[in-house]
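Q: Can you walk me through this one? I would like the overall layout, then some detail.

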Amino acid sequence: MTEKVLSILIFLPLVGLIPLLVLPKSRSGIYKYINLAVCLLQTILAVFVFCLYSKPGLVTDPIYGLFKLTERLNWITIDLGNIGRLSINYFIGLDGLNVTMVLLSAIVMLIAAISSWSVEKHLKGYYALLLILNTSVLGCFLSLDLFLFFLFFEFMLLPMYFLIGIWGGPRREYASIKFFLYTLAGSLLILAVIIGLYFSVADPVETSVRLGLAENIEAVTVNDVSNVQGMLQSKQIPKRAIVHSFNIPDMTSPKNFIPGSVFHVFTKINFMGLPIRMAAFLALLLGFLIKLPAVPFHTWLPDAHVEAPTPVSVILAGILLKIGGYGLIRTVLPVFPEGMVYFGSFISFLAVLSIVYAAMNALGMKDLKKMIAYSSVSHMGFVLLGIASGTPEGINGAIFQMFSHGILSSGLFLAAGVLYDRTHDRGIENYRGLASKMPVYTIAVTILFFASLGLPVFSGFIGELFSLLGAFHSSTTNGLVPYWMSITAVLGILIGATYFLWTLQRMFFGKFWISKNITFNNKFNDLNSREMIMLVPLIIITLVLGVFPGILLEPVSDSVEVLIGQIFSSGLDNLKTMQNFRSL
Amino acid sequence: MNSYLITDLDNLVYFSLIAALLPLSAFFILFFFGKKLPRKGDWLATLLIGLSFILSLLVFFSVWEGRAGSMTFQWIALSGIPENAFSISVSIDKLSSFMILTVCLISLLVHLYSMEYMKGKLNYTRYFPYLSIFTFAMLGLVISDNLLITFMFWELVGFTSYLLIGFWFTKEEAVKASKKAFLFNRIGDLGFLLALMIIWSFAGTFEFQYLGDSFEDQSIWFTLAGLGLVLACIGKSAQFPLYVWLPDAMEGPTPVSALIHAATMVAAGIFLLAKVFFLLSEDVLTTIATIGAITMLMSAIPALFQNDIKKVLAYSTISQLGYMFVGIGAGVPEAALFHLFTHAFFKAGLFLSAGAVIHYMHEIKHVLFHEGVYNDFDAQDMRLMGGLRKRVPLVFIVFIVCSSSLVGLPLLSGFLSKEAVIGAAFNWADSYSNTNNSFVYYLIPLSCFVTAFFTALYMIRQLMMVFFGDFRLENLIPYLNAKHEHHHQSLLISLPLVVLCVLSFALPFSLNPFSPQSSWFLKEFNQLFESNLEFAHWVTYTTVLLALAGIVLGIFTYRNKVYISDKAEKSDVLELFGHNWYLEKFYYKAMVLPGFRLAFYTTKIDYLIDRLIEGTAIAYVVLSHIVAWFDKNIIDGIVRLMATLAVFISGFFKNLQSGKVQQYFVYTLATVMILIYIFFNWMK
């Protein structure tokens, strides 16, 4: 079972979908328990997988060294004659880059499942969409085949569109269509690059089988792979014998690029004045930056959050934004490393812009949920900054920050939901002195706010600190982040403290008062047990990770080291080759 | 994780770790179960901090016997990063052991005092956990031997002081003051973060023991890292230009002010500067001395114009911290630490005495309320006090002793440490003027002298206002005259006062109360820093004379002053000091307003981006409508035209096939004729 545990993780929600669809509407009370059971099981599995991964002893993939628990099945194979052979694999696996993300999405999905208790409309559709979303999210994080990745990536849009558009607030149609179009625009850019990559990359494993070097895929050795790579680069393999693939690990090695293809380093094709590889880098980057989101591609986020129901907000902030960051480190950086080296300061500029600009915006917000949404953009800026730094501490910090932000933003949106459930109003200025009426809620919000503004002993501090250390380290060594940017980024910490504390002061402290416009049926009840069950674990996780960040950082760091090796060895090589070749 | 790297273990490391962890456990127990415990568990917190105090005494004495200890854990192990880059270190040496002792002692006294002072106050359940967690953060800060871990505790101290300052959370001013304190500290922390970033990039470690080796070249980054740390200390130790948060922080409960704004939190900056002293370049030290000199003068003068009993003490604290800054800047950290040590006791004594006075005033309010005479006077306003020496005699004695120590009168502890600082400042100015041939350096000892004079002046003013003359509240509320009773201090309040009073004398610190050099404290620390401790005698005489002059002038000025008049005191002078030399206004105009304006503009930019996106979307829809129209009318039109044509043509040809023989005959004839015509033409 251990070998198939990743597939089980991905498809468990689809199994849960069957009883959900079969049960009649009169039994709609059971739906939420089905979803909960699925999420609970998934979380247990994810924790199990994480522990399995963090302990040494798990066998790594014989060919793609870093990956563990890989599963590889042939999915679609079409012989295309002279063009070669098309091969799409069901290829999933675990490494340091996605192991934390799997854990995060399982946890956030579980929290969202509990949070969905308050949903009352169209239960069957709601939970069906939630389960589909669950499958696509995990599939996206675990795929090692770019086609599979893209499939899951796109498939997330459908449930999200309906979840916001049907169960959302008053302007839900506007928000959902905006979310959909923004993300779709990014997807198109990604798709274009994927098609180009498909034509350019050969799968050395399958090619060696086809060439008769090995009997089947399992029998292929590392030796065969390097033989095939050598033959490929010296153009000894006939075109029709090349097996094209979407394998992400294959794409990270320049040796697998077919000579004369679009994305080979020696290509002379230009696109809008840029070498095609650079253009492809930018297109892929942009596609994921929209998802992240980075300023100025972020305006879909506040609207989507404000209109989305609480559980969907939690998923959106907790998981979906992370796919942007994950896409960057999984595909953009290793596949086009020279773009990272060449455009490093451009990316870090966007990161610093996100940090400071979004924080300023959060300061100007009057809607609690919008304030939190902008703070999300600001915090995701630290993720981008860490990635842009290209240093071990920076990228480790970025991955840590993604996890930490996933936990904290889930908590923050839940907290906003708690208030909204009671009054149906989110105006910051409409409340005062909530602490006297809801003391436990105030404690929870205070902890979450301080954790988000980067107070040590909470996870947010570690993420931001590592990003900043990495950024400055980059200024002094590889120069990807200029000095002024890493110094400006520090300001984000101050502005973050400002808007969180100001909100705390205005809404929670002072004498109790609420605006006359707010109508509420019953009293301001403090947190009920269901809300406690959601918020307390999140607070414990952020606290534990803040004190023992090694739990999360240590399993990740090996893969990050390899990634950085790829960026700087092949990135600099590629850049040099391209510069010699065409005086860039 | 948690594997030992270095083990130089001694019992005292464990002792101090336990001493730090006891208040943390008190926090957790009281935070979760405080409500269920008798007396809300205040005795438990006090007991645990008492244990910490005993441990800290043991640690202190064993360190003074010459022992030391350190311990290092690996915290985060990452591949690609040096092994001991992120570790947790504890180091027990002279510096940390004396800080542990100070923190534990003051914290214990404040705990005892609070059990009486805070009794029955709103939210009492929360008070002791907050005190405990603050003590924990402070102890962690002083025992840590890793700059990163120090920073984490540094921030925690800021956070816990936020909780304590904003303890009366329903009071708008208290909440605002706590926010202000945290944000001004955060400005300083930006400097700390930058220093961390620089140190990380150039040294690759945060361990204090390795830091010295890594910064061998005196590059610009070396200075900048030092300046970043100084900025952090300016924030935490309330120095110019960030000191404005401290007077406002007096909104917190008074025992809290004694703990965090006299002895511990504000002292953390001085402690850190002493700890990283070896990292500070000469330029940085000069900056520190200048800032200290500016601060002490700038805060001593407003102290003369405050009417709130605690605000006078707050400004006085800022001013004394300025002395400590000068001590560090003058290159004699042992003098600064000595002043920190003595100041912790006499200032805590002053704050706690002020608290006792406020407590007394509150009791009067309470009595009045029960008698049906409701009068909501400000219990901290010194203009309503006066003549209290007869009512709270013990407090009066403590106050006299502690304030004399603050003023720096001989026989008291403040005398020793202040002389050391001023002497150091003078030596420093002497050597700098000689080498640089400029007298500008003498401004710093000069400002120390002037401040010593002002210190005497504002303290005597406060003494006169609170303890001498008539009890002015009685004049306002004649009813009180009848209730002329002697006030009994609870033991919980008087015990801490007496302890602090005793510790304000010079004898515990030096067998010869007239000579700073002979104090055990300076002697011990001189082994660590090895700076020059030979001070000119005339400096001492001058300081004492200036203080006496201040006292005499003060007695004559404030003896018969009328404080309560119908006309509100309003003058330019008050306006100036009410706003901290317009610093507050400056911050408001230069930082807060532009900040909000910027926030407003960024929301507008976002609005524009949104409209741009929507415009694109609308343009897209319009375009698709145009395409649809084109499709419907042009493309479809052509198709339809074709169809119509086809119908028309087919209609024409359909008519040909009518089935009438005559018609067919005519067609055939015509065709044959045409063919014949063509044939003949062709033949030609």
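What follows is a short chat about chain B of this predicted model.

Q: How many helices and strands does chain B have?
A: Chain B has 24 helices and three strands.

Q: Compact or spread out?
A: Chain B is more spread out than a compact globule, because its radius of gyration is 39 Å, well over the 26 Å that the globule rule gives for 684 residues.

Q: And what does the C-alpha trace span along its principal axes?
A: About 150 × 70 × 60 Å for chain B.

Q: What share of the residues is buried?
A: Buried residues account for 51% of the 684 in chain B.

Q: What about contacts between residues at least 6 apart in sequence: what share join residues at least 24 apart?
A: In chain B, 81% of those contacts do.

Q: Switching to helix α5 of chain B. What should it span, and what does it span?
A: Helix α5 covers residues 147–165, and at 1.5 Å a residue its 19 residues should span 27 Å. Its end C-alpha atoms are 26 Å apart, which agrees.

Q: Is α5(B) mostly covered or mostly open?
A: Mostly covered: 19 of its 19 residues are buried.

Q: Now B:I555. Which helix is that in?
A: B:I555 lies in helix α21 of chain B, residues 537–558.

Q: Why does B:I555 count as partly exposed?
A: Because B:I555 has 14 other C-beta atoms within 10 Å, and a residue needs 20 or more to be buried and 12 or fewer to be exposed.

Q: How far is B:I555 from B:R461?
A: They are 94 residues apart in sequence, and 7.5 Å apart in space, C-alpha to C-alpha.

Definitions and conventions:
Residues numbered from 1 in each chain as written. Chains lettered and ligands numbered in written order. Predicted model: local features only at pLDDT ≥ 70, side-chain atom pairs only at ≥ 80, totals over all residues. Helix = DSSP H or I, 4+ residues; strand = E, 2+ residues; numbered from the N terminus. Rg over C-alpha atoms; globule rule 2.2 N^0.38 Å. Contact = placed C-beta atoms within 7 Å. Expected span 1.5 Å × (residues − 1).
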